[in-house]
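Welcome, and thanks for opening the viewer. Could you walk me through this structure, telling me what to select at each stop and what I will find there?

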Amino acid sequence: MKILFLGIREDERPALEAWQREHPEHEVVAREEILTAATLPLLKGVQAVCLQQVISPEPEVYSALAEAGIRQLSSRTAGVDMLDLALAKQHGIVVTNVPVYSPNAIAEFVLASTLYLTRRFAQIERKNSQRDFRFAGLIGRELATLRVAVLGTGSIGLRAARLFHALGAEVVGYDPYPRPDFGEVGQYAPTLEEAVEGADVLTLHMPLLASNHHIIDEAVLARLAPGAVVINAGRGGLLDTAALLEALNSGHLSGAALDTYENEAPYYRYDWTGKDLGDAVLEELLGREDVLMTPHVAFYTDTAVQNLVTGGLDNAVLAAETGTAPTVVEPA
Ligand code: NAD
């Protein structure tokens, strides 16, 4: 079958070429363009579509896909909010995603971010740049002496809990849907408040829903142990950034590592070199030594990219051939 692979990035090419070598029976046509009304001519002679984009296709794209005989859209992403699932279904188009591509990628990044803060790498770098090699201000803390609160113990939270546990930390979890295997690495608290009480590290791994916007607010932060650090590689909206800055300024928290930021959409993945960000909070966060800002890259490893490409192509073939796949995403 001929598969149109839209929105290709350079870092995806090795995985795409490897998949093509393993599947000589299929032909993958890779294009940088994304799926829009303007790129519909690319569908000619194609039996399946695999895409990766943040911009939504226009509504007429769905009817055009159906007219072209295409019955599926395989997104090589976890989130598919750019697609109109109801409209796709109306036109008989099955949408698939790759929900689990490398929980370990994010979990390792969380661990590295925590160590960056607790072993004071930013302060070491600053002092190095001044050629000040004295120890003052560089004393660290050992994970084996710390209590780590993991909120959300799904694929990523559980993996993060395993890594912290392996290094000797005491792990406390909270999840409205507890899983039995979490008991191997930590203990559940009955409420979110009890999980964070006295924690030295707080890490967020639940989805952002209307019901948990700013769930980590001033009151929750106040429950953390003095000198605690907050790690957010979940979603920016989970954390009240103003409350975080207050807790840092008061000295209650010693640091934060934010891979997600509540107003990140205009910035992350774009080149703002030399331009005014126009966001005083983001500027402040970027300028602080006690905050590590990273542009939503926790997932971004060679393994994750390979799993996304392979999963996306496998789903495209399966859904085009059978009309379904294990990761079909239904409209809400
Ligand atoms: P998952 O669905 O496997 O796990 C989410 C867990 O959160 C579930 O166990 C669920 O029961 C729990 N949960 C739901 N509401 C909760 C609440 N109010 N309090 C505590 N727990 C709650 O998802 P996952 O694959 O582990 O991903 C978790 C989140 O990580 C995603 O929703 C996404 O926002 C984020 N993420 C970030 C990156 C990155 O690069 N920074 C990459 C992928 C995912």
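Predicted model: local features only at pLDDT ≥ 70, side-chain atom pairs only at ≥ 80, totals over all residues.

**Stop 1: the ligand and its shell**

The shell holds 22 residues, and the closest are Ser155, Ile156, Asp175, Ala233 and Asp259. Colour the shell by residue class, and you will find 11 nonpolar, eight polar and three charged residues.

Next, pick out the oxygen atoms of the ligand. A polar backbone atom of Ile156 sits 2.8 Å from a ligand oxygen. Move on to Phe299, where a polar backbone atom lies 3.2 Å from an oxygen of the ligand. At Arg235, look at the side chain instead: one of its N or O atoms is 3.3 Å from a ligand oxygen. How much of the ligand does the protein bury? Taken alone, the ligand exposes 870 Å², and 79% of that is buried by the protein.

**Stop 2: the five-stranded sheet**

Now select the strands β1 to β5. These five strands make an open sheet with parallel pairing, in the order β2-β1-β3-β4-β5. Look at the edges: β2 (27-30) and β5 (94-96) each have a single partner strand, so one side of each has no neighbour in the sheet. On average, neighbouring strands here are turned by 20° against each other, with direction ignored.

Zoom in on β1 (residues 2-5) and β3 (residues 48-51), which run parallel and are joined by three bridges. Click Ile3, and then find its bridge partner in β3, Ala48.

**Stop 3: the seven-stranded sheet**

Finally, select β6 to β12. This open sheet has seven strands with parallel pairing, in the order β8-β7-β6-β9-β10-β11-β12. Which strands stand at the edges? They are β8 (187-188) and β12 (291-293), each with a single partner strand, so one side of each is left without a neighbour in the sheet.

Now show helix α4 (residues 103-118), which packs on the sheet and touches β9, β10, β11 (253-258) and β12. Its direction makes about 150° with that of β10. To end the tour, highlight β9 (residues 201-204) and β10 (residues 228-232), a parallel pair joined by four bridges. Here Leu202 stands opposite Val230 in β10.

Methods: Residues numbered from 1 in each chain as written. Heavy atoms only, no water. Near = heavy atom within 4 Å. Polar contact = N/O pair within 3.5 Å; in protein donor to acceptor, adjacent residues only side chain to side chain. Areas by Shrake-Rupley, 256 points an atom, 1.4 Å probe, with all protein chains shown as cover. Nonpolar A, V, L, I, M, F, W, Y, C, P; charged D, E, K, R; others polar. Pairing = 2+ DSSP bridges. Helix = DSSP H or I, 4+ residues; strand = E, 2+ residues; numbered from the N terminus. Axes fitted to C-alpha atoms, helices over the stretch in contact; angles between N-to-C directions. Contact = heavy atoms within 4.5 Å.
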